[in-house]
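Hi there,

Here is the structure I promised to pass on to you. Please have a look at it first, and then read my notes below.

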Amino acid sequence: MLQTSYRNLTCADARLDAVGQQATLAGWVNRRRDLGQLIFLDLRDRYGITQVVIDNADSAGAHAIAESVRSEYVVRVSGTVTKRLKGMENDRLETGQVELRATEIEILSTAQTPPFVINDPEAEVDESIRLKYRYLDLRRKPLQQRIVARGQLVKAIRDAHHTAGFIEIETPLLIKSTPEGARDFIVPSRLQPGSVYALPQSPQQMKQLLMVSGFDRYYQIARCLRDEDLRGDRQPEFTQLDLEMSFVNDGDVMAWVEEMALVVTRAVAPDRPILDEPFPRFTYREAIDRYGSDKPDVRYGMELHDLGELASASGFRVFENVLGEGGRVFGFAATGMGGATRKQIDELTELARKAGAGGLVWLALDGEGGIRGSIVKIVGEEMAHKLAAQAGAAAGDLVLIVADADITAQEVLGTLRVELADRNDAFDRSLLSYVWVHQFPMYHWNADNSRWDATHNPFSAVLPEDEALLTTLSGNPLVASHEDPAGRARAQQYDIALNGWELGGGSVRFHTREMLSKSFSLMGHSPEAQEAQFSGILEAFEYGAPPHGGIALGVDRWIALLTDQSNIREVMAFPKTSSGSDLMLDAPSPVAAEQLDELGLALKPRKPTTS
Ligand code: ASP
């Protein structure tokens, strides 16, 4: 099947059953050993490696050419597949029982000495060099295998959707801004000077419009672009599995995603056990209160516990003050860390501060019923033991407690929980743990602009029983206050997390103009602003829109998790650095004056950086 006019076998095909066959192989020289009369070449393509031996006695011409060959040359060799001599087999190679005795060799391309070793998968190479010479890094086995796995993931996604009646539809890259909470990349229009297109942060509006068109089940492997600061799980352009379905509620979408995710996971990572089926579902509140995270990692325990009741009667002023102001006191037990040193605890306190807490309270249980800690003297040993027990601690555990605003207290502990589990290596890393988190608050208060912002997707609907909450105390949705009933409305939003990473999120949408417009007003969009920004979708909803909902899953994150990578750069063929540069193509780069003129643009010179 892989036969071409350059080869009849790949470098993985020469096996014992091919012995005696005439073969022509083409590939890169992985290694060359010159033993005088015999020259050995390990020939590599993406399928495998075959040892080629060129004997001066068989063909002096081929031997002379082989003498000039170097690593990474591209060559074509022809000869006979032969069984290796006894004792010369290489069990580490799938083709290690045979070699190709070549009588012809043709150099298809010469190569300079590469800037790093290509034939050693373990070789440590500086990442900026790997990125500059990405095409060479992609020759190396680990990255090559991940890119192949990524292709398998996308294929499995496509197969699953086609089987279930989804239609793959492409949507444009040059669009009008769709807010997803990040900055847009914009593209100036040459034909309409002074106007710009936005590159899509997601195909959100288009997929909803496809539902209005009656497409019913849409999906796309979609490119999304967001101009935001980069982290390990973020790049300025990334790929989503984007889908939308009509005549569904939140449960229907979640059921499909779950069914699909299982099929896809088994296709790509058949050896990785899936922790829970069906995927556990937590309300947002439950996830925050139990794990301090809206993307909980449940591969390990160390759950959070509400210590409020005990804390209110503890006699410790900090607890009482925080609770008096509507804050919360939570704690969890770090398994087996009761022997923590002062230094370790200082370090954890520093981490808690960085995560936003005012401080960290600790209690350490030894093996003999003793307890020490920052508040033992103040609250007494009995209360300290009670707090520790309530936090789920057993002998030998360390209890970490945070008193702070609701959500902040839990999230700080959530950060510590993840950090400690990771450091203590307290769980099976081969596990895949998918979980759902749903019923997020629809809005969060934007104090700077005195308005409600969408917590997730501005097109989301609220739970049917919360629709009556979409009001403000002033009676005017454009005049909002922190106490508005709208602040209590829960969205029909569902996020899917995998091993503590947010893998995707989606929602059931408002599908009437009236409700969507009401929600936009609460987000501070005047009728004029709505007309300017969202007239397309608002108008479309006047022409018969079906109830619909959808979701998007990050393809880069998904394959990173399935291949055990902590940075999505490791699963992208051509990623950017954390400052958004493509080191291979040297982008972004200055642009010619004529090109700017044509667009009617003038770029401001870069502000000098003060440091
Ligand atoms: N458009 C959303 C996103 O890109 C996903 C969705 O709600 O379908 O995150």
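Glu94 counts as exposed because its relative accessibility is 61%; exposed means over 50% relative accessible area, buried under 20% and partly exposed in between (1.4 Å probe, protein chains only). The side chain of Glu94 meets that of Arg15 in a salt bridge, at 3.4 Å from N to O. By salt bridge I mean a side-chain nitrogen of Lys or Arg within 4 Å of a carboxyl oxygen of Asp or Glu. This pair links distant parts of the chain, 79 residues apart: Glu94 is in the loop between β4 (74–83) and β5 (98–109), and Arg15 is in the segment before β1 (22–34). Helices (H or I, at least four residues) and strands (E, at least two) are DSSP runs, numbered from the N terminus. Arg15 has 33% relative accessibility, so it counts as partly exposed.

Before you go further, please note that this is a predicted model, where local features need pLDDT of at least 70 and side-chain atom pairs count only at pLDDT 80 or more, while totals for chains, interfaces and linings use all residues. Residues are numbered from 1 along each chain as its sequence is written, and side-chain values use heavy atoms, with hydrogens and water left out.

Now some more salt bridges. A search of the whole structure finds 45 of them. In one, the side chains of Asp58 and Arg101 meet at 3.2 Å, N to O. Asp58 lies in the loop between β3 (48–55) and α1 (60–68) and Arg101 in strand β5, so this pair ties together parts that are 43 residues apart in sequence. Asp58 counts as partly exposed because its relative accessibility is 38%, and Arg101 counts as partly exposed at 27%.

What about Asp242 and Lys207: how far is it from N to O in their salt bridge? The distance is 2.8 Å. Asp242 sits in strand β10 (residues 237–246) and Lys207 in helix α5, and the two are 35 residues apart. Asp242 is buried, with a relative accessible area of 1%, and Lys207 also counts as buried, at 1% relative accessibility.

A kink of about 95 degrees is centred on Phe534.

Of its 611 residues, 48% count as buried. The C-alpha trace spans about 95 × 75 × 55 Å along its principal axes. Among contacts (heavy atoms within 4.5 Å) with a separation of 6 or more, 68% come from residues 24 or more positions apart.

Happy browsing, and do write back with any questions!

Best wishes

Methods
The bend at a residue is the angle between axes fitted to the seven residues ending there and the seven starting there.
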